[in-house]
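Trainee: I have the sequence and the model open. Can we go through it piece by piece?

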Amino acid sequence: VKKFALNKKLKLINSFKTSEKNLLDIGCGTGDFLAICKINGWNVVGVEPNENARNLTESKINMKSDSTIFTDINQLESEKFDVITLWHVLEHVPNLETYISKLKFLLKPNGVLIVAVPNFKSFDAFYFKEHWAAYDAPRHLWHFSQRSIPKLFSTVQMRLESTHPLPLDAYYVSLLSNKLKTGSHRVLGSFWIGLLSNLKAATSGEYSSLIYVLKNTN
């Protein structure tokens with residue numbers, strides 16, 4: 001599943017006709033996404049606050065963490081990137097408006113920002129209500145909809161280009177949600193709710209998680 005998801009992400013960033021291939025992955029974790037991007041010709045930089053995760057990333061991409069993997073976005077002062085990715089990161093950011101201004105600053109003109117976040121308007125969120133695992137309070141400080149994302153980023157002159165589903169998230173979130181609600185993962189029931197959520201989303205567009213592709217317009 002992880003290999004499938006990583007290849008889908010790589011295919012997405014490879015679809016952008018960028019002037020160069022400079023990538024910043026914020027919340028890069030243990031570096032699997034950076035590693036596959038580097039293998040495929042991208043110049044990669046990561047931000048990851050967890051020291052153990054940074055060490056694993058360094059070993060995977062064979063670069064020194066003091067020059068390639070940073071602990072905080074504010075350590076990046078003059079770099080400019082063709083693509084910046086945040087895979088389930090924006091919902092954790094405390095100072096949201098300041099943070100997106102920094103993202104804007106780090107993007108090249110016509111650069112692309114990829115933001116993946118949970119969708120509280122999905123069927124699985126409606127079904128599990130307060131037990132929906134993707135609410136994840138207090139770690140998740142914000143929740144976003146397909147209306148709020150373009151409004152939020154329009155304040156820094158960024159335009160929504162496209163939206164893409166993360167259909168596998170519905171199954172994973174349903175497993176966690178059932179665990180919270182009943183004390184058991186209830187695998188078959190969770191699979192059914194995940195499937196039903198994706199089937200409904202095929203019409204409504206309200207998948208459990210969504211990828212937003214935003215472009216820097218100046």
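Mentor: Start with a helix pair. K2, L6, N7, K9, L10 and I13 in α1 meet D32, F33, I36 and C37 in α2. By class, that contact has 6 nonpolar, 1 polar and 3 charged residues. Keep in mind that this is a predicted model.

Trainee: At roughly what angle do the axes of α1 and α2 cross?

Mentor: Helix α1 covers residues 2-14, and helix α2 covers residues 32-39. Their axes come within 10 Å. The crossing is right-handed. The angle is roughly 55 degrees.

Trainee: Is α1 parallel, perpendicular or oblique to α2?

Mentor: Under 35 degrees would count as roughly parallel, and 65 to 115 as roughly perpendicular. The axes cross at roughly 55 degrees. That angle therefore makes α1 oblique to α2.

Trainee: Now α8 and α9. At roughly what angle do their axes cross?

Mentor: Helix α9 spans residues 187-204. The axes of α8 and α9 come within 8 Å. They cross at roughly 135 degrees.

Trainee: What does that make α8 relative to α9, antiparallel or oblique?

Mentor: Roughly antiparallel needs an angle over 145. Here the axes cross at roughly 135 degrees. So α8 is, relative to α9, oblique.

Trainee: By class, how many polar residues does the contact of α8 with α9 have?

Mentor: The crossing is right-handed. From α8 come A170, Y171, S174, L175 and N178; among their partners in α9 are V187, G189, S190 and F191. The contact has 7 nonpolar and no charged residues. Its polar residues number 7.

Trainee: Is S174 buried or exposed?

Mentor: S174 sits in helix α8, residues 168-182. Its relative accessibility is 0%. Buried means under 20%. S174 therefore counts as buried.

Trainee: Which backbone oxygen lies 2.7 Å from a polar atom of the side chain of S174?

Mentor: First, the surroundings. Setting aside residues up to four places away in sequence, S174 touches D124, F128, S190, I193 and G194. The oxygen you want is in the backbone of A170.

Trainee: Is D136 buried, partly exposed or exposed?

Mentor: D136 lies in the loop between α6 and α7. Its phi is near 45 degrees, a positive value in a residue other than glycine. Buried would require under 20%, and exposed over 50%. The relative accessible area is 21%, so D136 is partly exposed.

Trainee: Where is R186?

Mentor: R186 is a residue other than glycine with a positive phi, near 45 degrees. Its place is in the loop between α8 and α9.

Trainee: Is I26 buried or exposed?

Mentor: I26 belongs to strand β1, residues 22-26. Its contacts, leaving out residues up to four places away in sequence, include V47, I73, I84, W87, Y99 and L103. Under 20% is the cut-off for buried. With 2% relative accessibility, I26 therefore counts as buried.

Trainee: How far apart in space are I26 and D72, C-alpha to C-alpha?

Mentor: In sequence, I26 and D72 are 46 residues apart. In space, C-alpha to C-alpha, the distance is 8.8 Å.

Trainee: Which strands and helix do the buried residues of α5 pack against?

Mentor: Helix α5 covers residues 96-106. Its buried residues are L96, Y99, I100, K102, L103, K104 and L106. They pack against β1, β4, β5, α7, β6 and β7.

Trainee: Which backbone oxygen lies 2.2 Å from a polar atom of the side chain of K80?

Mentor: K80 is in the loop between β3 (69-70) and β4. Apart from neighbours within four places in sequence, its contacts are N22, F105, L106, L107 and K108. The backbone oxygen in question belongs to F105.

Trainee: How far apart in space are K80 and S177, C-alpha to C-alpha?

Mentor: K80 is partly exposed, with a relative accessible area of 36%. K80 and S177 are 97 residues apart in sequence. In space, C-alpha to C-alpha, they are 39 Å apart.

How values were computed. Residues are numbered from 1 along each chain as its sequence is written. This is a predicted model: local features need pLDDT of at least 70, side-chain atom pairs count only at pLDDT 80 or more; totals for chains, interfaces and linings use all residues. Side-chain values use heavy atoms; hydrogens and water are left out. Helices (H or I, at least four residues) and strands (E, at least two) are DSSP runs, numbered from the N terminus. Buried means under 20% relative accessible area, exposed over 50%, partly exposed in between (1.4 Å probe, protein chains only). A polar contact is a pair of N or O atoms within 3.5 Å; within protein, one must be able to donate a hydrogen and the other to accept it, and residues adjacent in sequence count only if both atoms are side-chain atoms. Contact means heavy atoms within 4.5 Å. Axes are lines fitted to C-alpha atoms, for helices over the stretch in contact, and angles run from 0 to 180 degrees between N-to-C directions. A crossing is left-handed if the near helix is turned anticlockwise from the far one by less than a right angle, and right-handed if clockwise. Ala, Val, Leu, Ile, Met, Phe, Trp, Tyr, Cys and Pro count as nonpolar, Asp, Glu, Lys and Arg as charged, and the others, Gly among them, as polar.
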